[in-house]
Amino acid sequence: MTSTVISIKNAVVSYREDVALRGVSLEVTSGEFVGIIGPNGAGKTTLLTVVNGMGKLFSGQVTVLGDPLRQGNGRSLRKRVGYVAQVDNIDPRMPMDVREVVMIGRLGVLGLFRRPGKRDWQIVDEMLELAGMTHLARRPIGHLSGGEQQRAAIARCLAQEPELFLLDEPTASLDWKAQSGILELVKEIHDLRELTTLFVTHDLDALPHTCDRIVLMKDGLIVDDGPPDRLISTSSLSRLYDLPESVVEERRHHMHAKE
Amino acid sequence: MDLSIFGYQFMQNAIISAFLGGIACATVGVFVVLMHLPFIGVAMSHAAFAGALLGLWVGFDPLIGAFAFSLLAAAIVGPLADRGQLTPDTSLGIVFSLMLGIAFLFLGLMPGTRSSALDLLWGSILTNTSEDIILLAVVTVVVVGLVISFFKEIQATVFNRNIALSVGLPATIILYGVLFLTGATVTASLRSIGGLLIFSLILNPAAAAYQLTYSMKKMFLLSAVFGVLSGWIGLLVSYLLDVPSGATIVITSSIIFIIATVFSPKRKVRRWKEEPLAGE
């Protein structure tokens, strides 16, 4: 049975003078794989931060996993929501190995004063295996390539045993091979665990083919929402990115050529 | 070599102070190095100096003033950096210059000789009293105890504060806690090491440890060992050459850093062995 796991009604978020979300409403049901696309500055990342309780609502109502978001309950919500951000610059000398970084995913669930036990390390090792990272588990985290760092971030997120899986431009700045690997991994995780997934990207090349649904965002608003067949069309993308249809057509042609 | 000097109470106090101050400074130094906040030591030590001068001027215990001002600096730096309007280095720079200005203001307003004020700037570990040692011991036990109790949360926060927040850890409270601990450590070490020199004792041992290991636990341990060694070797050199101890302690810590950098395994490409993943 499907149930609503994310319900956003008229969410408005502003950062000082900039309004990042201008009255956004969205419902996501359990097990859905939603791709959120739009140009830079469309409010996609802000939408994800509203879902994981890190964004500050100016007005509107947000209910995630049955709990209405209030000031003060964001931290307990984040323990249930996995979040993978863009590749970040990691200090190559950072004194932590991959396994320790993946364990960070367990720490919120564990709580203060409790040390990770055998079961926690076992979960970490399982997630490393799922992400294809077992052979790099003891490697210093700063020694990994961008693609490997993202696999480690996904393993960290899964170690949290989340009920929601949020990915914010996880393939940005990765080469094409690493990008394909991450997309395959995300698809595999979704298929295997039926985890409700929100995948944000500005790059259509990086949109997983398995999305059940596409949300188009622009200027802090959701401008369209529906099945990929209808929305990934030359005319809607032309409107979304403010590009002539001929340019969109040419880019899409390149995308298909790559496939 | 005549080492009978080490039998005297004032020297034993200095040795114990160097041990405690070395551990406390080097431990908070690990945060400073890993969170890329090298300015924090300077900002805090000048805040503590300004507070101590206020105490000397108005007539209360300078340590109380030092403690209050360094906590105040921590309370200003945290939110300034946290709101993202300024980078942490910029906010630390602003606090540093403000505190330096206040310190000079108090120095100018103080009547009479200023030798006691200047002692705080250069430090004088050889005049440490048992009260100074008790204060250092309390701060050291608190710093080390908190690091042991919250090691995993601290590890996650210094790795990436946003990731720590996103998994539901109180990363902002931990950051503020680190700033307050730094303030308390600077205050407790002010009389021994001095406001100007303490920055090096916070930064150098941790920066040296950072060159030598990929394990954060080992980094804390090595940093503490280097901090204590800096103090003890510095004291010995100070006695042998009859030069100020604060300066020799800091120069020793710098030499340890240079040696660690020269012999750093992180400068070489290493082959990583695949090891079995048994539960820790």
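Helices are DSSP runs (H or I, at least four residues), numbered from the N terminus.

Some housekeeping. This is a predicted model, in which local features need pLDDT of at least 70 and side-chain atom pairs count only at pLDDT 80 or more, while totals for chains, interfaces and linings use all residues. Residues are numbered from 1 along each chain as its sequence is written, and chains are lettered from A and ligands numbered from 1 in the order in which they are written.

Back to H12(B), residues 245-262. Its buried residues include Ile249(B), Ile256(B) and Phe257(B); buried means 20 or more other C-beta atoms within 10 Å, exposed 12 or fewer, partly exposed in between, with C-beta atoms placed from the backbone. The buried residues of H12(B) pack against H5, H9, H10 and H11 of chain B.

Take H10(B), residues 198-212. The axes of H10(B) and H12(B) are 8 Å apart, at an angle of about 15 degrees. The two helices are therefore roughly parallel, a label for angles under 35 degrees. Residues of H10(B) that meet H12(B) include Leu201(B), Asn204(B) and Ala208(B). By class, this contact has ten nonpolar, six polar and no charged residues. Nonpolar covers Ala, Val, Leu, Ile, Met, Phe, Trp, Tyr, Cys and Pro; charged covers Asp, Glu, Lys and Arg; the others, Gly among them, are polar.

Asp242(B) is not a glycine, yet its phi is positive, about 55 degrees. Asp242(B) is exposed, with 6 other C-beta atoms within 10 Å.

Buried or exposed: what are most residues of H2(B)? Of its 20 residues, 17 are buried, so H2(B) is largely enclosed by the rest of the structure.

Last, the two chains. 32 residues of chain A are in contact with 28 of chain B, contact meaning C-beta atoms, placed from the backbone, within 7 Å. On the chain A side, H3(A) gives the largest share, five residues. That side divides into 13 nonpolar, eight polar and eleven charged residues.

Notes:
Axes fitted to C-alpha atoms, helices over the stretch in contact; angles between N-to-C directions. Parallel < 35°, antiparallel > 145°, perpendicular 65-115°, else oblique. Contact = placed C-beta atoms within 7 Å.
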